[in-house]
Amino acid sequence: AAAPAEPASGGSAGMEGDRLESPVTIKGIERELICPACKELFTHPLILPCQHNVCHKCVKEILFAFEDSFADGGSESSNQSSPRIKISSSSMDRIDRISRSGTKRNSLTPRSSLFPCPGCQRDIDLGERGINGLFRNFTLETIVERYRQAARAAIAIMCDFCKPPPQESTKSCMDCSASYCNECFKVHHPWGTAKAQHEYVGPTTNFRPKILMCPEHEMERVNMYCEICRRPVCHLCKLGGCHANHRVTTMSTAYKTLKEKLSKDIEYLISKEGQVKAHITQLDLLLKETECNSERAKEEAYQSFEKLFHVLEEKKSAALRAIEASKNLRLEKLHVQVEEYQGLLENNGLVGYAQEVLKETDPSCFVQTAKQLHVRIQKATESLKTFRPAAESTFEDFVVDIAKQEEILGDLTFHSNGIETPEINEEQSRVYNKALISWEWPGKTDSADTYVLEYLKLNREEESATWQEIEVCSKSQVISDLDDDSSYAFRVRGYKGSICSPWSREVILHTPPAPVFNFLFDDKCGYNSEHLLLNPRRTSVENRAGFPLLLGSERMQVGCYTTLNYIIGDTGIAKGKHFWAFHVEAYSYLVKVGVVSGNKIQKLFQNTHDVTSPRYEQDSGHDSGSEDAFFDSSQPFTLVTLGMKKFFIPMTPTAPKDPASRILPLPSRLGICFDCDKGRVGFYDAGCMKCLYECEVDCSGVMYPAFALMGGAAIHLEEAVTAKYGANHDDI
């Protein structure tokens, strides 16, 4: 593949001037030359559609990791990528999710390649040509080569044609892709021959083609620049390719415009060199102050906690002394009681003494002694009847209640000095394949440096659930480890230096009832391009009620001419439970959504063209569109009707008889939960994940998401939640 680069200067001298500049000032740009996948210097970098660069080898290895995961069903062994690269956790989550879902690419459409860009963490569609449709970034490759040469200045590039031992090369021929010493260059490029006109540069190992060729049309040279896709194209791409309707400009105009822009921006930055140095000096002072102030803050915090430790030590000692004193008192009482009861044993203590008294034969002496003894015996007898220990063995009164103190200590933080409380923005926050939580400050400016976001799964069965904590530096966070069909509470607080704000109000969001199913609208199978308009990303479709429908009105007499334009998803479902969501524009007249079997797709599209559906035939004897007609379960597909900001529950034997009770307000986001294993499909309000209607469906074959539009209508698929892509690229 070819790559966009600056046009050649037209001759050897000009090119050599580009390559043989004074020592290249690239000492501080190492991080711009590192591949985000392998973390090494770029090797044959390719430009992705998101404008990030990745090594050619890394792109292939990441794609192979994806294909292996699909083939092996997401097993652990399939997720082991090459040791040269490190695939992000978000990309691996996507691999596992798709491979487990049982998805199948529609065989009726070409398969596009999804690539997880390691630079922006987004899934990039490489198109039908995949890696073969990417440009090689020769400009970046040349800069990397300059950097390598500067790094190994002591290592010379040797001549490729000298007899051993080879001499150090003095120039490289871009046409021959070889390096020469002076003598060998003269031999292989004799004066007066065609080779004498070859383009030569300083010694290099980076040889790039002189002419950039189109990756789509390999025999055509790129001579235009697409302003929409921001990439070079050839005239065939513009005439009949994917850039036919795009705005393009000549390559020379694009080169001039971009170079002027870049030069002006660089000149501005260079003119501000004094200001930059002043900022660096200021930052150096701040670094030193930060070190000193942090040590001071540590010492103050240490002293504060030492005071708390001292208070706790005193409280602990007092509590232990009280428990010890109570223990000794109780033991003493129990020991006395034990001795008393031991005296009640035969020939022992009180009983033994009484037995000896009974041996007395003198009545007067016996009476004198026995009266007092009898009282003691009676008391002992009563104590046996109403036995009660002299002391309790439990220490329930000595349990230290620290619940309030634990709560206070849990909120123990640095003293707040008027910092405002952040608020979670429920309109911008959403839960789909992942949770995206966004928040903002009541004031116009941010008053925090970092944030702590906490979330808690609301499960009635688990009362001991704990808050999960994430430290965030921005005002939004993506969370990917949430369970399906669950409710979560979210809260956030801000930190500014040593100051902490109170917790925000808790916001409860609900996760989808099943894993999210990713697909695009199919622009091949049955797609009616005359009536339907797809956006380039194939995530939105619009029905155009234009001239064809007007012509069809000639057939309208007493009936109503209607045309349903169907479109399906480009990915099918063979097993498992899946969920997808979408938005129907408020102005939409009529939309049908649901699922269709792959075995019945042709029947679906055959029934869509030029359908005359009289609402009131004069000879029919009844209203053929009556609300009393039950939902036809023999259809080859299961769809529900939306339109005019309403959701219509199909008429079934179990549905309410009152028509008004079957009409619900149309949610802003609608979701479909399809269980292929159980043969059921449910329609949800995707905002609160409430099921609006559920029914059985015939799952004979691979099932596809299906949509139908009539009149003015539009549908937008819900975009998957991914990491933020903050890089902004200026158009020409």
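Predicted model: local features only at pLDDT ≥ 70, side-chain atom pairs only at ≥ 80, totals over all residues.

**Reading sheets, helices and single residues**

Q: Over how many bridges does β22 pair with strand β23?
A: The antiparallel pairing of β22 with β23 (residues 540–543) extends over 3 bridges. Within β23, E542 is the residue opposite L533.

Q: How many bridges join strand β34 to β35, and which residue in their hairpin takes a positive phi?
A: Strand β34 (residues 680–685) pairs with β35 over 6 bridges, in the antiparallel sense. Y684 faces C691 of β35 across this pairing. The hairpin of the two strands has 4 residues between them, and M689 takes a positive phi near 55 degrees there.

Q: What is the strand order in the open sheet of 3 strands?
A: The order is β8-β7-β9, and the pairing is antiparallel. Because β8 (178–180) and β9 (200–201) each have a single partner strand, they stand at the edges, and one side of each is left without a neighbour in the sheet. The antiparallel pairing of β7 with β9 covers 2 bridges.

Q: Is S172 buried or exposed?
A: The relative accessibility of S172 is 0%, so it counts as buried; the cut-off for that class is under 20%.

Q: What does S172 touch?
A: With neighbours within four places in sequence left aside, the contacts of S172 are A178, S179, E199, Y200, V201, G202, P203, T204 and F207. With S179 there is also a polar contact from side chain to side chain, at 2.7 Å.

Q: How does one read the packing of two helices, and at what angle do α9 and α10 pack?
A: One considers the angle, the separation of the axes and the residues that meet. Helix α9 (residues 349–357) packs against helix α10 (residues 363–385) at about 150 degrees, and their axes are 11 Å apart. The two helices are therefore roughly antiparallel, a class that begins over 145 degrees. The crossing of α9 past α10 is left-handed. On the α9 side, L350, Y353, A354 and V357 take part, meeting F366, T369, L373, R376, I377 and A380 in α10.

Q: How is a loop residue read, and where is Q51 found?
A: Q51 belongs to the loop between β1 (45–47) and β2 (53–55). Its relative accessibility is 25%, so Q51 counts as partly exposed. Although Q51 and G119 are 68 residues apart along the chain, their C-alpha atoms are separated by 9.5 Å.

Q: Finally, how many helices and strands does the protein chain have?
A: The protein chain comprises 13 helices and 37 strands. Of its 732 residues, 36% count as buried. When contacts between residues at least 6 apart in sequence are considered, 64% join residues at least 24 apart.

Terms used
Residues numbered from 1 in each chain as written. Heavy atoms only, no water. Buried < 20%, exposed > 50% of the residue type's maximum accessible area, 1.4 Å probe, protein only. Polar contact = N/O pair within 3.5 Å; in protein donor to acceptor, adjacent residues only side chain to side chain. Contact = heavy atoms within 4.5 Å. Pairing = 2+ DSSP bridges. Axes fitted to C-alpha atoms, helices over the stretch in contact; angles between N-to-C directions. Parallel < 35°, antiparallel > 145°, perpendicular 65-115°, else oblique. Left-handed = near helix turned anticlockwise from the far one by under 90°.
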